[in-house]
Amino acid sequence: MKTIEFKAISYSGKDKINEDYILCHKLSDNTLISILADGMGGLSYGAEAAKIVSESVLSTILDKIQGCFPEDVLRMAFDAADIAISKKCRELKCKMGTAVTVALMIDDSLYYAWQGNVRLYKVCNGETILLTTDHVVAEAGGTFLTRCINGKGYRDNVPIKQEKLEQDERIFICTDGFYQKIDLNAIVTQDIEFTPDGVFEDDASLIEIKTLD
């Protein structure tokens, strides 16, 4: 049986409140739930939106994981998170939203789902492979999310995928504030500890997950 280990870091953007939220929970030595949410700029209460979604997702997974397939658990977790945000938006009379990626690792199986542009990478034989697709569109005014959790339901199905992990493969989950500034591949290939080289313009967060025999 494999043992799963993780570590996480998060840095606030320059002169900003950190609106990223990391939540990792080990159900056992070989089962890990990892959630990374990035509250949407331009909307209200980004930090709170990221926290609400992360905690709702974790609560649903913990409640349903024993009796359901992992893919179904993730689907239910995203539905519950959207309802939780909708409720908070009505309560505060505002618009809230967050990008999020959720990874559920069980032994050598990785199940993951996402909305937005929080990326998930797999590192295989020194090669960094992007497993998620950014839900964004580039326009004259900048780059905008095309999908998120904002309490309005989902126009398209939440993508839910599975990967088999081989020995010594690692998983990285990171927000755009991290991967737009840091060369993740350099960290992977040189096998060095990450240290920030200056002040981040945007919130920057990273989760690293690996399995040990």
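How much accessible surface does the chain have, and what percentage of it belongs to carbon and sulfur atoms? I found about 10,600 Å² for the chain, with 47% belonging to carbon and sulfur atoms; the areas come from the Shrake-Rupley method with a 1.4 Å probe.

I note that this is a predicted model, in which local features need pLDDT of at least 70 and side-chain atom pairs count only at pLDDT 80 or more, while totals for chains, interfaces and linings use all residues. Residues are numbered from 1 along each chain as its sequence is written, and side-chain values use heavy atoms, without hydrogens and water.

I looked up the secondary structure and recorded 4 helices and 12 strands (DSSP runs: H or I of at least four residues for helices, E of at least two for strands). The radius of gyration, taken over C-alpha atoms, is 17 Å, close to the 17 Å that the globule rule gives for 213 residues, so the chain is as compact as a globular protein of that length. The rule is 2.2 Å times the number of residues to the power 0.38. I read spans of about 50 × 45 × 25 Å for the C-alpha trace along its principal axes.

I then turned to burial: 48% of the 213 residues are buried (under 20% relative accessible area, 1.4 Å probe, protein chains only).

Definitions and conventions: Buried means under 20% relative accessible area, exposed over 50%, partly exposed in between (1.4 Å probe, protein chains only).
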